[in-house]
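Me: I am new to this structure. Please take a close look at one part of it, a pair of packed helices, and walk me through it.

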Amino acid sequence: MCGISGIIGRLDENNRAALARMSKAMIHRGPDGHGSWTSTPDARGWGVMLDHRRLSILDLSSAGAQPMVDDTTGHVISFNGEIYNYVALRKSLESEGQSFRSSGDTAVMLRALGLHGLEAVGWLRGMFAFASWDPQQRRLLLARDQLGIKPLYIAQSNNPNTTWSLIFASELRALLASGLLGTPRLDPQAVASSVWNGFVVGPCTAVQGIELLAPGHYAEFDGAGRKISEQDFWRIPGESPKPTMDEATLASILEEGMKLHLASDVPLAVFLSGGIDSSAMANLAQLTADAPVHTFTLAFEDQQFNEAPFAKQTAAAIGTQHHEVMLSEQRFVDSLDDALDSLDQPTFDGLNAYFISRAIREAGFTVALSGTGGDELFGGYPTYRDLPILQQWCHRGRAFPRKWQAKAAALLTWPLRQSSHPVPPQTRWAKLPDMVDRSEDLLALYQMAYALFLPGFQDELLAPDFAGVVVDGLPDAMRRRLMAETAGRTAVSAISVMEQRLFLGERLLRDNDAASMASSLEQRVPLVDHVLFESVDALSDRARYQPLGRKNMLRRIGLRGLDPALFERPKTGFVMPFDRWIRRGLKDAMDRTMRDPQAIAPTGLNPAAVERLWRAFLDGAPGMYWSRVWSIYAFVRWCHRKGVYA
């Protein structure tokens with residue numbers, strides 16, 4: 001797990017200095033080592049410069065240092081991530097007569113790419129983002145893993161007079177630190193997307209001119225930085241495969257995946273909230289690992305949000321060495337600036353991952369496993385139940401025009417909207433008329449269900465030039481991808497793809513990567529694995545999802561040997577007591593921002609609407625959850641800390 005960056009451009013001191021600034025901005029991603037490499041120049045003096053910040057996980061020797069040059073093929077790589085099937089790939093290459101000096105995964109993937117080209121990208125199982133330079137063809141290959149665990153940000157110059165044409169890095173902040181982008185500007189699509197979702201949906205980013213490489217995608221550039229090819233090397237199939245997978249086979253695949261994820265030459269821990277997903281990962285790790293497994297959980301003084309007692313019971317049942325980390329309100333407030341600064345793009349999530357990651361790193365661990373991904377695979381969220389029911393309700397009433405269905409829904413929600421407060425409730429029930437209006441389009445319905453604000457109030461929150469720039473909170477490229485990947489699927493299976501790509505891929509994975517790497521901790525997610533996804537996707541809907549919300553197959557496979565009564569409680573999520581903290585320890589800081597027009601206006605938002613929202617929250621207006629005001633505050637603060645304005 002590392003930080004990578006690079007430039008295609010003139011091999012001069014200005015670009016070298018820019019690359020050094022990019023590298024320095026990501027020192028937290030790789031405190032164990034640093035390396036850089038420069039190609040030979042072409043006739044114009046142009047070439048590629050690669051940089052690498054190393055967090056040592058496998059092959060701690062100098063043979064694992066990067067950027068790595070392959071003595072056999074001459075190819076060079078700067079790589080962030082882990083290739084879990086590298087041992088099998090190594091054996092395959094050795095059968096072809098190859099040998100290796102390094103015992104790690106980087107040398108294996110580099111040799112495979114050098115010998116087999118683009119075909120080898122599809123062989124990789126793991127989490128990865130890499131840049132590979134072919135000196136003979138003078139081509140640069142950029143690629144990102146199948147499900148988007150590792151990010152890769154790219155900017156291209158359209159100015160023919162500039163001394164660079166392409167820059168890329170593991171974090172957006174590194175591209176900003178390069179100094180090559182001039183005055184950064186907010187992307188209007190990103191502002192609208194952030195207001196809708198609470199985070200920015202790719203491939204656009206918060207900054208105009210910077211894009212996020214899509215998951216399962218590669219792009220090739222020539223020595224001048226011109227894109228010469230790009231392609232998805234892996235996609236979720238539109239029509240779900242026929243049911244050919246049985247539970248015993250799936251169990252063996254999940255167990256094999258856990259063994260691969262446990263490979264490490266440094267200490268390893270497990271996030272444990274006490275829920276089904278993290279408990280399954282801790283249990284499988286304990287059953288599989290050769291050494292004792294250490295588990296960590298966050299504890300809160302507010303017992304309403306404190307799952308630590310459940311985690312402690314689960315850890316005792318599994319037999320792990322358990323660690324409990326108390327996060328008090330005062331500690332949260334005192335550490336908030338560092339926590340928010342850890343997040344690479346605007347988001348209202350990720351802080352829980354930051355605090356648990358920091359605690360694990362301070363305890364001496366470099367790698368941690370997480371249960372992220374189980375709800376997306378096995379139907380753990382209410383959306384799997386609620387949205388198909390709503391669609392069926394609307395379908396049965398198809399004899400009535402949709403406008404009458406929407407009016408009926410509006411009548412049902414009328415009591416919610418009868419309030420003297422200047423901002424109406426911003427809840428899923430309050431959005432019911434808008435959801436009914438979108439019921440024939442499952443993607444639009446899904447997006448409306450997750451929208452933080454009603455459409456009318458979204459338009460009020462956004463400055464005039466920023467309203468209406470995205471449809472249902474999605475950039476066109478993401479909408480097209482999701483329409484293709486959900487085509488022909490059942491409703492519940494299509495929702496699973498949406499959860500996989502949006503909630504997981506664009507929010508949880510991205511936030512967790514930034515938050516964990518801020519503490520120089522590698523987070524691994526065994527349930528986010530394209531081989532496992534393909535296997536689960538081959539199950540029938542009944543075997544995979546029913547009864548909805550229970551995740552029974554994951555329970556049977558992952559929790560075997562444990563008392564089922566440990567997990568018979570309502571689903572809660574890994575959340576912190578934000579509502580109370582915002583009204584107490586965070587109130588003054590947020591109040592200064594949310595009531596300041598000079599702070600709000602440069603971020604593409606309407607100061608008057610933001611102040612009304614904040615006042616409604618403080619007044620206890622119905623249906624005004626903490627996430628609504630926190631998402632706006634986090635977005636505005638990010639803009640000012642990064643110096644990125646509309």
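Reply: Start with a definition: angles under 35 degrees count as roughly parallel, over 145 as roughly antiparallel, 65 to 115 as roughly perpendicular, and the rest as oblique. Keep in mind that this is a predicted model.

Now the pair. Helix α16 spans residues 442-450, and helix α19 spans residues 491-517. They pack at an angle of about 55°, with their axes 11 Å apart. The crossing of α16 past α19 is right-handed.

Which residues make the contact? From α16 come L442, L443, Y446, Q447 and Y450. From α19 come A491, A494, I495, M498, E499, L502 and F503. Sorted by class, this contact has 10 nonpolar residues, one polar and one charged.

Q447 leads on to a neighbour. D472 touches Q447, and also W196, R438, A444 and R479, leaving aside residues up to four places away in sequence. D472 sits in the loop between α17 (455-461) and α18 (476-486). Is D472 buried or exposed? Its relative accessible area is 10%, and buried means under 20%, so D472 is buried.

For comparison, take another pair. Helix α2 (residues 86-94) packs with helix α3 (residues 105-116) at about 50°, with axes 9 Å apart. That makes α2 oblique to α3. Here the crossing is left-handed. Y86, L89, R90 and L93 of α2 meet D105, V108, R111, A112, L115 and H116 of α3. This contact divides into six nonpolar, one polar and three charged residues.

How values were computed:
Residues numbered from 1 in each chain as written. Predicted model: local features only at pLDDT ≥ 70, side-chain atom pairs only at ≥ 80, totals over all residues. Heavy atoms only, no water. Helix = DSSP H or I, 4+ residues; strand = E, 2+ residues; numbered from the N terminus. Buried < 20%, exposed > 50% of the residue type's maximum accessible area, 1.4 Å probe, protein only. Contact = heavy atoms within 4.5 Å. Axes fitted to C-alpha atoms, helices over the stretch in contact; angles between N-to-C directions. Left-handed = near helix turned anticlockwise from the far one by under 90°. Nonpolar A, V, L, I, M, F, W, Y, C, P; charged D, E, K, R; others polar.
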